[in-house]
There are 2 protein chains.
Amino acid sequence: MLRQLPLGALRAFEAAARTGSFRAAGEELAISASAISHAIRKLEDLIGAGLFEREGRAVRLNAAGETLLRHVASGFEELRHGLEVVSARQMNLLRLHCAPSLAAQWLLPRLPRLIADAPGLTVRLSAGTDYPKFHADEFDADIRYGRPRAEGLAALPLGEETVTPLCAPALAARLRTPADLYDLELIESDNKQVRWTDWFAANGLRAPSPRGSRFDRSFMAIAAAADGLGVALESTRLAERELDAGRLVAPLRECSVDIRYVGHFLVYPPRARSNRALRTFETWLFAQLGLTRG
Amino acid sequence: MLRQLPLGALRAFEAAARTGSFRAAGEELAISASAISHAIRKLEDLIGAGLFEREGRAVRLNAAGETLLRHVASGFEELRHGLEVVSARQMNLLRLHCAPSLAAQWLLPRLPRLIADAPGLTVRLSAGTDYPKFHADEFDADIRYGRPRAEGLAALPLGEETVTPLCAPALAARLRTPADLYDLELIESDNKQVRWTDWFAANGLRAPSPRGSRFDRSFMAIAAAADGLGVALESTRLAERELDAGRLVAPLRECSVDIRYVGHFLVYPPRARSNRALRTFETWLFAQLGLTRG
DNA sequence: ACCTATCGTTGAATCCAATTCATCGAAGGG
DNA sequence: CCCTTCGATGAATTGGATTCAACGATAGGT
């Protein structure tokens, strides 16, 4: 069934259709324009219909050609990607997707350490809120915020994080008790599981009506808080750098009830168990978090 | 970028991986087993890793091979399918998807007439309740029950249908007024927009509590009614054959309010406008239904 | 244990399909 | 009007895919 697939001709067609020129296609494939012409003629004879409109010395795809191009392009892309995946596995490449704030605040600062700890490992990191589609084999693993709903995926909780009010040192003097928050600007983070309402409730207080800035990324809320814009309610893990550098402090940590919860998960398809790069990374990640795997 | 895709080797790999045998792969591709061996060795050299485990005279895919096979299989399938689509267009083939009951009750009996009316046209008909995915180019058009939600599709209403109580002639004697239905078995059709409740309401009566048989396909409800199992509430278009043959009658047609509504739609992607087979079919379909297009 | 059949491997030889070459016509740009 | 660029075409060529032939390994039968 695949026996009579004119693969070479299809490759020539793809290049010609994409570039819109036989000459350009030939250059791309390092063959002559004549070869492209022959190949496309062969295809057209096979299907019994034209694929290009010849207009003088120019060529333009017709409807059938457009249709064929869609299929052929995605088909070749799939082949190319398949080879890339198995090659990547061999070269110890980890294709990692990560929630944006954790990537920026926690993972990126540690990448040099990872490279040092795991010689030969190379990491390709993508940050985004979209959920990567593992079935398309675009990524080996994902660190995501929130428990994944999808079935058939391994999801390892990355330990508990502590959520507490954070602000610049200059503001901390005005913060002795949770009730002092009523007088300050509260920075709200969207898309988070723990919000100001929850924190006030845990401390037996009514949350004030919404005011202050809103951000839809934790790292922006943290940066805003460090700039003195107000008090952010964020995970100490995500604010680790600012806390260590003294740009942020957690003034109520000793005199309030902080919220602990599991925010992030390492997720990958079961078949990735055999991926050497991922195994290396998982071990390193859990060690960095002070966790034992399980 | 596609220049160095070893297409021939990938084809050999696909056959070998699928059949699990180099010899079988060779037979399928009409080349020798030796050629398969050479091709796969070339692939393995290229990616720098093995794809098969050699165990004596047997070969078995390893993890990398499994991964590559998934991609390569779907890639070739896409190429093959692309050629099929453009070839089909040329041979005046209409790949039609259709709601099951309309296909069985209305379209199938008319197919001989279509073939006669449109010489050279060939039809491939699939019946199913699933919505065909046009982006995968599996079908040229769909006749579906209910207005389609999807955007970016042309959806032509196929005229109004009349829904009225239908039963076998033997039962019709006991049906003079809508109220007589209280004494008879009512056949309920699931997945329909018009149900007994609606019909009774339109006739100023309270619907009796559910009793009688239930079917999830109209053609089954119609067959059951023709067999004397009770009274079905169905479209006269779907019951056309049984009504013409006298196996079913519509006893209340003259003394009740029947429900008229648009149940079926012809749906296709905009690009299909240039499809000759579809144009032929659309013209024929509207003529059969006594409709003017628009 | 022995024989036989089957399967995959390997390197050299072979061959045929893909490609090039040479030439042509057509169209656009200056 | 000349010059350049592009694609088409058919015959010639070439190099990469394929076969060939010999070999090792394994399984099954007797």
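Over all chains, a search of the whole structure finds 46 salt bridges, a salt bridge being a side-chain nitrogen of Lys or Arg within 4 Å of a carboxyl oxygen of Asp or Glu. This is a predicted model, in which local features need pLDDT of at least 70 and side-chain atom pairs count only at pLDDT 80 or more, while totals for chains, interfaces and linings use all residues. Residues are numbered from 1 along each chain as its sequence is written, chains are lettered from A and ligands numbered from 1 in the order in which they are written, and side-chain values use heavy atoms, with hydrogens and water left out.

One of these salt bridges joins the side chains of Glu240(A) and Arg110(A), with 2.7 Å from N to O. The pair links distant parts of the chain, since Glu240(A) belongs to helix H9 (residues 240-245) of chain A and Arg110(A) to helix H5 of chain A, 130 residues apart; helices (H or I, at least four residues) and strands (E, at least two) are DSSP runs, numbered from the N terminus.

The domain assignment of chain A places these two residues in context, giving domain 1 (7-88), domain 2 (94-149 + 264-288) and domain 3 (160-262), with bounds that come from an automatic or database domain assignment. The C-alpha centres of domain 2 of chain A and domain 3 of chain A lie 27 Å apart, and the contact between them takes 13 residues from domain 2 of chain A and 17 residues from domain 3 of chain A, where contact means heavy atoms within 4.5 Å. About 1,300 Å² is buried between domain 2 of chain A and domain 3 of chain A, with carbon and sulfur atoms giving 50% of that area; buried area is the accessible area (1.4 Å probe) that two parts lose on being put together, summed over both. On the side of domain 2 of chain A, the residues that lose the most area to domain 3 of chain A are Gln105(A), Tyr145(A) and His264(A), together 50% of what that side buries.

Across this interface of domain 2 of chain A and domain 3 of chain A the rule finds one salt bridge, and between domain 2 of chain A and domain 3 of chain A there are nine residue pairs in polar contact (both at pLDDT 80 or more). A polar contact is a pair of N or O atoms within 3.5 Å; within protein, one must be able to donate a hydrogen and the other to accept it, and residues adjacent in sequence count only if both atoms are side-chain atoms. Helix H5 (100-117) and strand S12 (264-268) of chain A each supply at least two residues of the side of domain 2 of chain A that touches domain 3 of chain A, and H5(A) gives the most to that side, with eight residues.

Turning to the pairing of the protein chains, 43 residues of chain A are in contact with 43 residues of chain B. The area buried between chain A and chain B is about 3,900 Å², and carbon and sulfur atoms give 69% of it. In chain A, the residues that lose the most area to chain B are Leu2(A), His71(A) and Leu79(A), together 18% of what that side buries. The rule finds two salt bridges across the interface of chain A and chain B, among them the one between Asp137(B) and Arg70(A), whose closest N and O atoms are 3.9 Å apart. Between chain A and chain B the count is 15 residue pairs in polar contact (both at pLDDT 80 or more). Helix H1 (7-19), H2, H3 and helix H4 (63-90) of chain A give two or more residues to the side of chain A that touches chain B, and H4(A) gives the most, with 21 residues.

The DNA comes next. Around DNA strand D there are 18 residues, the closest being Ser37(A), Arg54(A), Arg57(A), Ser32(B) and Ser34(B), where a residue is near a molecule or strand if one of its heavy atoms lies within 4 Å of it. Of the atoms of DNA strand D that come within 4 Å of the protein, sugar and phosphate account for 65%. A phosphate oxygen of DNA strand D is 2.8 Å from an N or O atom in the side chain of Arg23(A), and a phosphate oxygen of DNA strand D is 2.5 Å from a polar backbone atom of Ser32(B).

DNA strand C is likewise surrounded by 18 residues, of which the closest are Ser32(A), Ser34(A), Arg23(B), Arg54(B) and Arg57(B). The bases of DNA strand C are approached by a polar side-chain atom of Ser34(A), 2.8 Å from a base nitrogen, and by a polar side-chain atom of His38(A), 3.2 Å from a base oxygen.
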